[in-house]
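Hi,

Here is the structure I promised to pass on to you.

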Amino acid sequence: MSNLKNFLFTSESVSEGHPDKVSDRISDMVVDTYISGDPYARVACETLTTTNKVVLAGEVRGPEVKKDHLIHKVRECIKDIGYDQEGFTWKEATKIESHLHSQSADIAMGVDSAGNKDEGAGDQGIMFGYACNETEVLMPAPIHYSHKILRLMAKDRKSGKLKNIEPDSKSQVTFEYVDGKPSKVKSVVISSQHSADVNQDQVRELLRPYMINSIPGSFLEGFDEKDFYVNPTGNFVIGGPDGDCGLTGRKIIVDTYGGAAPHGGGAFSGKDPTKVDRSAAYAARYIAKNVVASKIADKCLIQLAYAIGVSKPLSIYVNLFDNDLDKNKFVEEKIKENFDLSPRGIREMLGLNKPIYEITAAYGHFGREPGDDGTFSWEKTNKTDIFLK
């Protein structure tokens with residue numbers, strides 16, 4: 001995307017009722033449950049969801065959590081999302097299995113701090129952070145508005161205002177960029193599970209307001225209704241884990257920048273913050289957002305690289321997309337001087353040893369509002385002064 005000036009770019013989002021997102025939500029609930037008992041608990045939880053079945057697997061180290069308690073909390077997640085269907089329900093008809101077991105001693109040895117050795121990264125890998133000034137929250141426009149459509153739909157569905165629409169939905173927004181900036185929306189796709197009581201014309205009328213209320217009017221000027229696609233395949237009554245198997249960590253582009261920036265490959269959900277897949281990606285976003293919020297660049301991409309058991313990043317890469325090499329070098333130096341990017345340093349800087357993860361599992365980990373309870377701390381723009389020359 002960096003060299004083109006005029007182009008079309010598309011991003012998609014999926015709702016909290018999408019099978020993969022149901023799995024992400026449950027995995028992050030497990031993280032929060034263990035961290036609530038011990039801020040330094042270790043969790044790597046994968047969840048599979050399918051017709052009337054949920055399976056948890058993975059490794060944990062921390063407080064004792066009774067299996068029945070965890071299964072009860074899984075049912076609470078499913079109920080809150082809104083599933084009480086023949087093929088997937090929060091009630092007893094859905095069987096829930098937990099196969100969580102103790103963390104490998106070999107992994108623990110590499111990660112734990114001991115003597116003079118600081119805590120190491122939980123794995124090798126590369127993580128990217130990105131920010132741009134296309135929206136107020138410094139996120140790319142296509143993913144930001146794709147998320148917003150589904151978030152508003154879910155809010156009204158849960159309050160009872162939006163009837164006959166079920167939890168499993170997807171959205172996709174295509175923007176036309178002129179001179180590198182989003183200028184107008186070219187197409188919008190919303191696919192949503194619905195009750196058997198409504199036809200596709202009715203579904204279209206139910207969902208159309210969410211497109212209009214989510215996207216600023218200036219981007220919809222001259223929008224052609226034929227480019228608004230609702231359930232293009234026709235019927236969508238069978239959905240959720242009953243229609244499609246769900247797994248943790250399969251929506252990594254939805255979780256981040258909608259394809260507008262590279263992705264290191266590691267998923268976030270189900271991982272405690274010693275896992276740099278999660279914490280270093282949050283730190284990279286935090287830094288990139290503060291760079292752009294300082295207004296010294298329109299966009300910023302940061303890559304961090306780690307080795308298992310080693311605390312400091314092996315490399316820090318910065319791209320400000322403006323061919324100003326001196327400014328790029330300046331930002332790189334400021335990052336090294338002002339940010340401790342060891343796993344421990346990141347956790348302390350962003351306050352990550354808290355049960356703040358379940359809320360991240362749907363509608364993106366970035367571009368969200370930081371909360372007083374420590375949620376989305378990586379979205380704060382309290383470090384802009386560092387980058388002002």
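Ser-15, Leu-150, Met-153, Ala-154, Arg-157, Ile-165, Glu-166, Pro-167 and Ser-169 line the second largest cavity. Helix 4 (141-159) and strand 6 (165-178) are the elements that give two or more residues to that lining. The space in this cavity comes to about 40 Å³, and its lining residues split into five nonpolar, two polar and two charged.

Before going on, a word on the model and on how I use the terms. The model is predicted, so to speak of a local feature I need pLDDT of at least 70, and side-chain atom pairs count only at pLDDT 80 or more, while totals for chains, interfaces and linings use all residues. Residues are numbered from 1 along each chain as its sequence is written, and side-chain values use heavy atoms, with hydrogens and water left out. A cavity is a set of points, on a 1 Å grid over the protein atoms alone, where a 1.4 Å probe fits but cannot get out; lining residues have an atom within 4 Å of a point. Points are joined across faces, edges and corners, and the volume is the space filled by probe spheres set on them. Nonpolar covers Ala, Val, Leu, Ile, Met, Phe, Trp, Tyr, Cys and Pro, charged covers Asp, Glu, Lys and Arg, and the others, Gly among them, are polar. Helices (H or I, at least four residues) and strands (E, at least two) are DSSP runs numbered from the N terminus.

The whole structure holds two cavities of 30 Å³ or more. The largest has a volume of about 80 Å³, and its lining includes Phe-128, His-263, Phe-268 and Asp-277. Strand 5 and helix 9 are the elements that give two or more residues to this lining, and strand 5 gives the most, with three. Six of the lining residues are nonpolar, five polar and one charged.

Now for the rings. There are 15 aromatic pairs in the whole structure (Phe, Tyr or Trp rings, the six-membered one for Trp, with centres within 6.5 Å; planes under 30 degrees apart are stacked, over 60 edge-to-face, the rest tilted). One of them joins Tyr-130 and Tyr-257 edge-to-face, at 5.7 Å centre to centre and 75 degrees between the planes. Tyr-130 is in strand 5 (residues 125-132) and Tyr-257 in the loop between helix 8 (252-255) and helix 9 (276-293), so this pair ties together parts 127 residues apart in sequence. Tyr-130 is buried at 4% relative accessibility, and Tyr-257 is buried at 1% (buried means under 20% relative accessible area, exposed over 50%, partly exposed in between, with a 1.4 Å probe and protein chains only). Tyr-286 and Phe-339 make another edge-to-face pair, 6.3 Å centre to centre with 90 degrees between the planes. Both of these residues are buried too.

Tyr-130 and Tyr-257 also belong to one aromatic cluster, which includes Phe-268, Phe-321 and Trp-378. Over the face of Phe-321 lies Lys-299, 4.7 Å from the ring centre, and Lys-79 lies over the face of Trp-90 at 4.2 Å (the criterion is NZ of Lys or CZ of Arg within 6 Å of the ring centre and within 35 degrees of the ring normal).

Enjoy looking around!

Best wishes

Methods:
On a 1 Å grid over the protein atoms alone, a cavity is a set of points where a 1.4 Å probe fits but cannot get out, and a pocket is an open set with protein on both sides within 12 Å along at least five of seven lines; lining residues have an atom within 4 Å of a point.
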